[in-house]
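Please open the model in your viewer and keep the selection panel at hand. The stops below go from the whole chain to its parts.

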Amino acid sequence: MTTMPKINRRTFLLSTAAAGGGLALGLRLPFGPEIVRAADGSPEINAWVVIRPDDTVVVRVARSEMGQGTITGLAQLVAEELECNWAKVTTEYPTPGQNVARKRVWGDFSTGGSRGIRMSHEYVRQGGAAARMMLVQAAANQWKVPAAECSAANSVITHKASGRKTTYGKVAEAAAKLEPPKDVKLKDSKDWKIAGKSMKRLDTLDKVTGKQVYGFDLKLPGMLNAAIMESPVFGGKVKSFDAAKASGMKGVKKVLQVGDTAVAVVADTWWHAKTALDALTIVWDEGPNAKVSSASIAEVLKAGLGAEQAFVGNQSGDAKAALAGAAKKIEAVYSYPYQNHVCMEPMNATARFTPDKCEVWVPTQDGESSFAALLSASGLPADKCEVYKINLGGGFGRRGAFQDYVTQAVRIAKEMPGTPVKLLWSREEDMRQGRFHPVMQCKLTGAFDASNNLTGLHMRLSGQSILAAVRPAVVEKDKGRDALSFQGVFETGEHSFGYTIPNLLIDHAMRNTHVPPGFWRGVNINQNAIFFECFMDELAQAAGQDPLEFRRKFMAGHPRNLGVLNAVAERIGWGKPAPKGRFRGLAQMKAFNSFVAAAAEISVEGGNKVKVHRIVGATDCGYAVNPAQIDRQVAGSFVYGLSALFMQECTVKDGRIEQENFDTYDSMRIAQMPKVESIIMPTGGAIWGGIGEPTICVAAPAVLNAFFQATGKRIRSVPLKNHGIQMV
Amino acid sequence: MQLNVNGKSHEVDVEPTTPLLWAIREQIGLTGTKYGCGIAQCGACTVHIDGAAARSCAIPVSAAAGKRITTIEGLASGKALHKVQKAWVDHDVPQCGYCQAGMIMAVAALLRAKPKPTDADIDATITNICRCGTFQQVREAIHAAAKA
């Protein structure tokens, strides 16, 4: 689980490096190698403020922008403390190679786990504040007055007594020569003027004119294009391929094997490369997994539901004894499928290799992870490698820890030294070679006494561990347990359980498969919220109680969970009659240190056509940096989560994924979009919550609970299309 | 083969079966039009052919020859944004933005055919996929553009 490292001192190192015709105020924070990091590589960042003579402020951001608005939010935080003119703020990515060369001055680049802002806010603001203090000091020195008599606002420094004014651009050079301040005080959030406001995004214009360059659009002089196919059976290898036919096709420059597992065609254009690849006959050694199917995987998971051995994620009292002595028991089994991220921009990377230098251009959620893949694949030392980050056409977790496309691109480029090669996956390759939302089954058993009081609960998860596949060292350190499996129902931390239930046991029988799992927006909160929040409704039903009232009994010790739940209940009109033919459902959870809840209002026609009319989503994220962008993330997360609920499953047949495109793996369209009402209710405190992911998990259980109210039917497996249920 | 794109004639040297999308991207060099699926499902590749929205990934270039093709780069007139682009900026519609060129082209064609579309018109016509889930802002911006 992610935790912030303890910071005992703050050092700001001044750099005199000129940049952009101006001066860079380098703000080095103590996130270098000397800092102890959490086992899972918890994120750290460092910001740079560059001030040009024309007062332009360039905020350097190590996090990646993939649509979630992070660069705008981080720039707001810097600008707030810097007291600069927001109209002159722009942003820039430092490169991973620079980071290595400068002893990781920017720390970790990872942009996942909804951490872009929540894990960066403090040192980013410190950076802005320190820069402001130095600029003011520089002006005070010029005027020979105490800095305390000067103030800064909107990039202008004023000495009130004498009426003198100057601008940041004019004193930037002098400021850069000053010692950085040791004691930097941050503003109270109630005094914010730029942060906390719905500033427009900084990156919109190029996205509406077609000018924005995605990795997919990159052009370099002399560049060739590659298409690739990797063994569709995970773990399979290339046995042979007949290069002759493809080699003679129009535009083809090279047909080559990539590693043990893939074959690529390099051509003048990608269309030529793909056409030749499609014509190629590849024989695969499919290995031991060629017979695996969704049904065989489900059997393995099912056995785990009753297994003796399991890792404990949350325990109080004696759940097994409570169940044994129950007057009434309620039991239900749920399941969640494999799902693909399906970023609109398929995976891609461009590489250029010479023995002296290897460069990669890539849309990435983690430039350092890309850099590591480049180092490994190129065999060159770090000072001969560089990664250039490009904005992403969607990430959702696919482009962070996993850099398989970078490895492939570098391997191909190594075969053609000096020639830049852009590797682009087809949509079919992207669908086949996902890092999939893991499969999970869950058996929940609740115990009631004779007076319908809940006396115990056992939640048994059985399924795949992401960390066992991706970060095995973390799992090993935890004696085989994957604590991330318990997101939202864990005993403690940023995904802690939002109820106090007597005699509770939540455990996980880890059942791994050959299908590579990955971090998929929200990660394990998606299934855990469905399992637990739908079962809470089942328990309420069994106890003959209102689902909201039933939940409240166990939430006295969880005021922030209760706060968001009450907020959505009130807004949806819970307890008052719904419009005719409409039915309501609720769900709540804590995820990525934000408290979130949703209330859905749906109608069902003919028993299977579901219209989601409204969803109210509430978020207590501690602090809200850009409310308009939070609203968009909430609505967007509902689209992602409800597409998954209704439409999406990757099935396994003969060891491979069956779905290859949007015709068999659909996604919501505008006609299906509910009215989303977002309630942002930050309650402050020491810990900031995330935004990009948390609310994704409450949409599905709220809708499923409403579906039960509408039809009396409990749907316990995803996606709903498998039950003949459509979203209309 | 001659292609008329954004008011200019371009000679392209491709097989007639090449999808129009790839001729636009790789021969003419206009990369605002995106690839998302290759089977006319997602709409990321939407352009206008003789004023109507078309999914260029599934149209052979031979079928577009001699016709008037407009891409996102040709939507604005000079420096003045098209009213749909302007509404997109005013409403901060894009998130990652990858699908938005196709979305904007689909909407611009809708507004040409139906200057004041109802929500039902929008639902029936705008079927582009956006994985970021910008639909709420898309709808607001369409209505705003219709009033502009």
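The tour begins with how to read the model and then moves from one selection to the next.

This is a predicted model, in which local features need pLDDT of at least 70 and side-chain atom pairs count only at pLDDT 80 or more, while totals for chains, interfaces and linings use all residues. Residues are numbered from 1 along each chain as its sequence is written, and chains are lettered from A, with ligands numbered from 1, in the order in which they are written.

**Chain A as a whole**

Select chain A, whose secondary structure comes to 19 helices and 29 strands (DSSP runs numbered from the N terminus, helices being H or I of at least four residues and strands E of at least two). Its C-alpha trace spans about 80 × 75 × 50 Å along the principal axes. Of the 728 residues of chain A, 58% are buried, a term that asks for 20 or more other C-beta atoms within 10 Å of the residue's own, with C-beta atoms placed from the backbone.

**The seven-stranded sheet**

Next, select the seven strands of chain A that form an open sheet of mixed pairing in the order β11-β12-β9-β19-β16-β17-β18, where two strands pair if DSSP finds at least two bridges between them. At the edges stand β11 (252–258) and β18 (385–390) of chain A, each of which has a single partner strand, so one side of each is left without a neighbour in the sheet. Zoom in on β17 (357–363) and β18 of chain A, which pair in the parallel sense over six bridges; here Cys358(A) has Cys385(A) in β18(A) as its bridge partner.

**The chain B side**

Bring in chain B, of which 43 residues are in contact with 42 residues of chain A, contact meaning that the C-beta atoms, placed from the backbone, lie within 7 Å. On the side of chain B that touches chain A, α6(B) gives the most, with five residues. That side divides into 21 nonpolar, 16 polar and six charged residues, where Ala, Val, Leu, Ile, Met, Phe, Trp, Tyr, Cys and Pro count as nonpolar, Asp, Glu, Lys and Arg as charged, and the others, Gly among them, as polar.

How values were computed:
A residue is buried if 20 or more other C-beta atoms lie within 10 Å of its own, exposed if 12 or fewer, and partly exposed in between; C-beta atoms are placed from the backbone. Two residues are in contact if their C-beta atoms, placed from the backbone, lie within 7 Å.
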